[in-house]
Amino acid sequence: MSCCGASPDFEEIDEVSRLVSTKLAAFLRTLRDNGFAVGPAEGQDAASLMASGYAARPGLLRSALKHLFSARKSDWEKFDGLFDAFWLGRRVRSRSLTFGAAKAANSPSMKSLQDQGSERGGSQSATDQVPSTGDAPEGQGGEGRMEGASRADNLAEVDFRKLADPEQVAQAHDAAARLARLMRTRLTRRDLARRRGYRLDLRRTIHRNISHGGVPIALVRRQRKGKPLRLVVLLDASGSMSMYTSVFLRFIHGVLDEFREAEAFLFHTRLAFVSDAMKEKDAGRALDRLSLLAQGAGGGTRIGESLKTFNRWHAARVIHSRTCVMIVSDGYETGDAALLGREMAALAKRCRRIVWLNPMMAWEGYAPVAAGIRAALPHVDLYAPANTLQSLSALEPYLAKL
Amino acid sequence: MKDREQIAQALAVSGYIADSELATAISLMQRLRRPLLLEGEAGVGKTEVAKALAGMHATELIRLQCYEGLDQSSALYEWNYQRQLLAIQAHKGSDAETIEDQIFSEKYLLERPLLAAIRRAKSPVLLIDEIDRADDEFEAFLLELLSDFQVSIPELGTIAATTIPHVVLTSNGTRELSDALRRRCLYHYVDYPDVDREARIIMARINGAGAALSLQIASMVESIRKEELRKVPGVAETLDWAAALVGLDVRDLQDEIETVHETLMCLLKTHEDKARITREVTERLLGKVA
């Protein structure tokens, strides 16, 4: 093997690549499916590495390709498993077990919200588990269809969970996206009005005036760069929220599309960063990609644990001084409520405002008595209902003030 | 590949104890001529990698510390305005074109790190530190520079690189970097070292730290990292602590629980963490170290 030369001759590359390139291309496809950003340049480099002797030792090749193909920590951690599964024929299952009980494939809630989002409506009973504290569960079975006949004229006032007709659902989604767009324009305009140069930039002033022999005639001022408001949305995708998740996902899709700076996370028993998946232009496709990410949705909710992950791994990156964190959840914590309180306190120290939207708040007879929400409330700046479009748009003036 | 062991050895000579993955990354970096992006917690020794790399190649380390608002004039080049003005005053009356040619010559050009890095006779190591602190615009500009390795200065023309520098970028993750930049780079995640490697790091860096003590310190730090802390101590903190212990003439951690507990301030940097690691906790952790 002539691996010492930095560039092996073309014939050799040609020969090896004929054997390997098909498989390599398939591997690249697998990586792309798993969210790696790899392009043809990386493929070429990989082929040349394999041709120059790296292929002889799987351990070395894995380490080399890992550096080449990964682009972030999550890639870095996933890579070894993918590599072993693809090239060495080992099952990835042993690896995914270490992550906890997250079950792959059939996640009932994600599936059901996709269905609601696209074709079918109505059958939402499968994952519906209305908590025991409030009033008796109502939206069961065929009730949705009945509601359709006597629906109120103004869609904005209809509770999301009572939307059954696919057309209505689509309308609500559009409205949510429109709302996100509206919010953004208001916010940006405020941002612009605040900019004003207030300091002299001496260096630029001198440079500009060289043509006058250095006499400062035209002054250059320094402007402070405006920091746009950033919205970070944490959406609860657990079973108890399943009737609302689909509309809020549309809302988030709109927010990510329209805000200059926004990030989105999904949580149930663990936290998933979904901004990248949601940036897909087509909302249906975005939901498709989401269902891959959000394995295990529809189970219990560990808000405290998810917030802990958020504080530990994501907060430094996504939160700056003009950040509003929006948590959309019913606050039914199945984990440790004290942990939730601690993590909320830590989060409150970091960001400008915390808005907690609770779709159940508008239910008759609802009171925030669950341990989770009680622990969280002291750290929340605004606690508001969010079960109708109207209640969502009521938030806008509040956000604009930040 | 033999070169990985050679690289690890060469790095060790410059005072950096690398694991085999990092050695692979560095050998790839040379082979593929791509920049290396290092991510990891604060204090795991990302910057040290670049310093050791410079030591390994026996070449200059050019460092660009990024911050919000970093722009071309402080990263790439700037004209020396004061000298230009003086020159204009001194040559008053002579032909305008001659003056212009003169004041826009290299004599009046101030090199900043990025320009300096491509104009050295021997490839230097260019360390772009904490790239996540710079703005998006700067990142885009950097991307262009890293692919073409040439700089165009409107008054002077295009300056092509005489040598291609070894580029190391580090990021703490305060901001998400663009996919384009990430794709351009080789990626390496720097994790906290395991006990064995950390002990070797202590021995390499701290004079007078014996093997037994280093191992004790390393395993103590390891168990402190497992506690629930707000700010997990990095390798830099470990070295501080080791230096403190060696300075206080500690030979065995078990014998001097008092000193150990009092010097923990080298590792724990917030009030909460300090309160959490009480004397009892220290004793419990020390018990495990034995």
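These legends walk through close-up views of a predicted model.

**View 1. Chain A on its own.**
Let's start with the fold of chain A, where 17 helices and eight strands can be counted. Chain A has 402 residues, and 37% of them count as buried. Among contacts in chain A between residues at least 6 apart in sequence, those joining residues at least 24 apart make up 72%.

**View 2. Where chain B meets chain A.**
Here 23 residues of chain B are in contact with 23 residues of chain A. On the chain B side, the elements that give two or more residues are α2 (20-32), α5 (81-90), α9 (179-184) and β9 (186-189). Which of these gives the most to the side of chain B that touches chain A? That is α2(B), with six residues. If you like to think in residue classes, this side of chain B divides into ten nonpolar, five polar and eight charged residues.

**View 3. Helices α10 and α12 of chain B, packed together.**
Two packed helices are described by the angle between their axes and the distance between the axes. In this view, helix α10 (residues 195-205) of chain B packs against helix α12 (residues 235-247) of chain B at an angle of about 55 degrees, and their axes are 10 Å apart. The crossing of α10(B) past α12(B) is right-handed. To find the contact in your viewer, pick Glu198(B), Ile201(B), Ile202(B) and Arg205(B) on α10(B), then Val235(B), Thr238(B), Leu239(B) and Ala242(B) on α12(B). By class, this contact of α10(B) with α12(B) has five nonpolar, one polar and two charged residues.

**View 4. The open sheet of chain B.**
Five strands of chain B make up this open sheet, in the order β2-β5-β8-β1-β9, and the pairing is parallel. Why is one side of β2(B) and of β9(B) left without a neighbour in the sheet? Both β2 (61-65) and β9 of chain B stand at the edges and have a single partner strand each, so one side of each stays without a neighbour there. On average, and with direction ignored, neighbouring strands of this sheet are turned by 20 degrees against each other.

**View 5. Strand β2 and its partner, up close.**
Strand β2(B) and strand β5 (residues 125-129) of chain B run parallel and are joined by five bridges. For one of these pairs, look at Leu61(B), whose bridge partner in β5(B) is Val125(B).

Definitions and conventions. Residues numbered from 1 in each chain as written. Chains lettered and ligands numbered in written order. Predicted model: local features only at pLDDT ≥ 70, side-chain atom pairs only at ≥ 80, totals over all residues. Contact = placed C-beta atoms within 7 Å. Helix = DSSP H or I, 4+ residues; strand = E, 2+ residues; numbered from the N terminus. Nonpolar A, V, L, I, M, F, W, Y, C, P; charged D, E, K, R; others polar. Axes fitted to C-alpha atoms, helices over the stretch in contact; angles between N-to-C directions. Left-handed = near helix turned anticlockwise from the far one by under 90°. Pairing = 2+ DSSP bridges. Buried ≥ 20, exposed ≤ 12 C-beta atoms within 10 Å, placed from the backbone.
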